[in-house]
Amino acid sequence: MTSAVALLLTILACLLLLCLVYICVLIYGRFTQQKVDQIYDKTYLLIYASQSGHAENYAKQTAEQLVKAGQHCVCLNIEDLQVEQLKRAHQSLWFVSTYGEGDAPDSAQVFQHQLTSQRLDLSHQTFAILAFGDRRYTNFCAFGQRLQDLLIEQHAQPSFDLVCVDQLADADLNTWQTQLSQFTQLELSRVPTKKVWTDIQLSQRTLLNAGSQGTGLYFLSFKVEPGLQWHAGDIVEIQCANSQQALEEFVNQQPHLNASHIDALRFKNLRTAPVFVKQEQEVTGWIDALSHLPLREYSIASIPAQGHLDLIVRQEVGQQGLGLGSGLLTTSLAIGEKLTASIRSNPNFQLNTSNEPCIFIGNGSGLAGLMAHLQQRQALGHQQNWLIFGERQQQYDAICTAELNAIENAGYLPQIDRVYSRDGLALAYVQDVLVAKSVQLKEWIEQGATLYICGSLMGMAQGVEQALIDIIGIEGLTQLKQQQRYKRDVY
Ligand SMILES: Cc1cc2nc3c(=O)[nH]c(=O)nc-3n(C[C@H](O)[C@H](O)[C@H](O)COP(=O)(O)OP(=O)(O)OC[C@H]3O[C@@H](n4cnc5c(N)ncnc54)[C@H](O)[C@@H]3O)c2cc1C
Ligand SMILES: Cc1cc2nc3c(=O)[nH]c(=O)nc-3n(C[C@H](O)[C@H](O)[C@H](O)COP(=O)(O)O)c2cc1C
C-alpha cells in the first residue's frame, strides 16, 4: 500500500468517527430534551409577582408544601421568568398582587409587556392564579384578573377559578387551599403563616412638623428584643390594639361590661361594635362576634446596628377620628407601652450592597425607608449617595435635619436636594429636581446608580416615574427595572 492510500484511509476513518460522534450527540440531545420535557411535564412552575412580599412568601411556602408532598417544583420571581420556561411548563401556579391603581407590581411590568406583545401557544398548559389585593381599592385584584385573561388568550386552560384574596383574609386563602388540593389530588394543609411576633416598647415619640399645614408627622423609637434582626428597607407590621384608656371608657359606657372584659376586647374593633350588649349572658358571644383589629405596615427608619427600631408615621385624620394604626402610634400608645409587631422583608426595596451610587427619592413619611438605607450605606462605607426629598414648607416641614446633617458631615451624603412645594420656589417637587438636574442624573445612572423611591404613590411616585420616562425614555426605565435598579416602597 502506498503512503497516499494509507493517508486517504486515515482521513476516511477520521470522517467516519466524526459522523459517529455527531450521531451520538444528536441521540443524546434528543434523549436529554425528552428528559427535560418529561421533567417539565411533571413539574409545577410557581411564579410570584409581589410588591411588598406577601405573594412571594405564599408562593415559597406553597412550593415547600408541594415538595414535601413529593412533587417537583420550580419557584420563580416573575422578573426572572423566561418566556421559554413558561412555554415548556405544563402546570403553572401564579401568586400575584395588584398595586398602584390596579397595576401589576413593579417586578411584573416587563413580563406583562412581553405577554401582551407576543403570541405564545400555551395550549398544553393548565394554570391557577392566587391574586392578592384589597377590596378597598377600586380595581380589586385587577392584575390577577388581567393575567388570567392574558393566559387564556395564549390558550392556557384554568385549572380552577381565579381566587382573589381580600387583605389576606383566611376564608379566601382557605378557598385556594381547597381548590389546589382538589386539583392536585394531594393533601395540602393550609400554608402556615410564618410571622414571628415580637414585643417592641415605645421609648421616644417626637412631633416633627409642629405648625405644618399637613397632619402630624411623628418620629417614634422603640426598644426591641436583643438580637432582633431586619434589613434596611424592611417593613414592620403592627397589630392594632385599643389603648387602656379607650378600653376603660368603652366598658364604662356598656351596662353589662366591666374591667374583667378588657383583655378580651384589647384587639377588637370597637368602632364597628353594635351599640349595646342587651343581656349579661350574651356578653361572651357579643365580644367574639366583634371584628379583629387589622395589622398596619410601616417602613423601618433604622438598622439593627443602631440598637433601636425607628418609624416615621403620618397621623391619619378622618371623619371617624384618627386612623387605627397611626392613631395608636402617634397618640394613644404611651411611652413605655409595648406593641405586638412582626418584621416583614420587603424584597423590592432591599439595598444593593455594592458600592455603586444610590439615588434616594421621597416625601413625607417616606423618609423612613430612605433613612434606613442611608444608615446602612454609612455602615458599609459607601459614600456616593444623593437624597432628593420633598415636603411642604421649609419653616415647618424640614424634618430630620440634624440626622441628615450628621450623615452629610460624615461624608455619606455628598448631594442633598430638599424641595418645598408651598414656599413658592421654582423647584417645588422632587420630580422637578430630576428634570432640572437631568445631566447629573444621567451621569449617576451611567455610573450604575440604583434609584430608591419611598413615600406617596399618588403624586410623588407617579411624578417621579413620568420624569424618569421624560429623561431616560421608557426603554431606559425598563432597563433599570430589569436590572433591579429602580426600587420602590410606595403606598
Ligand atoms: C408598604 C407600606 C409601607 C408603609 N410605610 C409607612 C410609613 O413608613 N409611615 C406611615 O405613616 N405610613 C406608612 N404606610 C401607611 C400605613 O400602613 C397606614 O396605611 C396608614 O398609617 C393609615 O392607617 P391607619 O390605620 O392610621 O388608618 P385607617 O384606620 O386605615 O384609617 C384611614 C381613614 O379611615 C378612617 N377610619 C378608620 N376606621 C374607620 C371605621 N371603622 N369607619 C370609618 N372610617 C374609619 C380614619 O379616620 C382615617 O381617616 C405604609 C403602607 C405600606 C403598604
Ligand atoms: C399603594 C398600594 C396600592 C394598592 N393598589 C391595589 C389595587 O389597585 N387593587 C387591589 O386589589 N389591591 C391593591 N393594593 C393591596 C395589595 O395588593 C395587597 O396589600 C397585597 O396583599 C399586597 O401583596 P404583596 O405584598 O405581595 O405585594 C394596594 C396596596 C398598596 C400599598
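Predicted model: local features only at pLDDT ≥ 70, side-chain atom pairs only at ≥ 80, totals over all residues.
In which strand is T43 found?

**View 1. T43 in strand β1.** T43 belongs to strand β1, which comprises residues 43-49. The relative accessible area of T43 is 5%, and T43 therefore counts as buried, the limit for that class being under 20%. When neighbours within four places in sequence are left aside, the contacts of T43 are with H72, C73, V74 and Q91.

View 2. An unreviewed UniProt entry carries the annotation "domain: Flavodoxin-like" for residues 44-181.

**View 3. The surroundings of ligand 2.** Around ligand 2 there are 22 residues, of which S50, Q51, S52, T98 and C141 come nearest. Several polar contacts with the backbone can be followed here: a polar backbone atom of Q51 is 2.7 Å from an oxygen atom of the ligand, a polar backbone atom of G100 is 2.9 Å from a nitrogen atom of the ligand, and a backbone N or O atom of D134 is 3.1 Å from an oxygen atom of the ligand. Of the 640 Å² of accessible area that ligand 2 has on its own, the protein covers 93%. Two or more residues of the shell are given by each of α2 (54-68) and β4 (126-133). By residue class, the shell around ligand 2 consists of nine nonpolar, 11 polar and two charged residues.

**View 4. The surroundings of ligand 1.** The residues that come nearest to ligand 1, out of the 22 around it, are R296, E297, G321, G325 and S326. In the side chain of R296, an N or O atom is 2.5 Å from an oxygen atom of ligand 1, whereas for E297 a polar backbone atom is 2.6 Å from an oxygen atom of the ligand; for G325, too, a polar backbone atom is 2.6 Å from a ligand oxygen atom. The protein covers 77% of the 970 Å² of accessible area that ligand 1 has on its own. At least two shell residues come from each of β10 (295-299), β11 (309-314), β12 (317-318), β13 (321-322) and α10 (324-332), and β10 supplies the largest share, namely four residues. The shell around ligand 1 is made up of eight nonpolar, eight polar and six charged residues.

Conventions:
Residues numbered from 1 in each chain as written. Chains lettered and ligands numbered in written order. Heavy atoms only, no water. Near = heavy atom within 4 Å. Polar contact = N/O pair within 3.5 Å; in protein donor to acceptor, adjacent residues only side chain to side chain. Areas by Shrake-Rupley, 256 points an atom, 1.4 Å probe, with all protein chains shown as cover. Nonpolar A, V, L, I, M, F, W, Y, C, P; charged D, E, K, R; others polar. UniProt positions renumbered as here; feature names shortened; annotations may be inferred. Buried < 20%, exposed > 50% of the residue type's maximum accessible area, 1.4 Å probe, protein only. Contact = heavy atoms within 4.5 Å.
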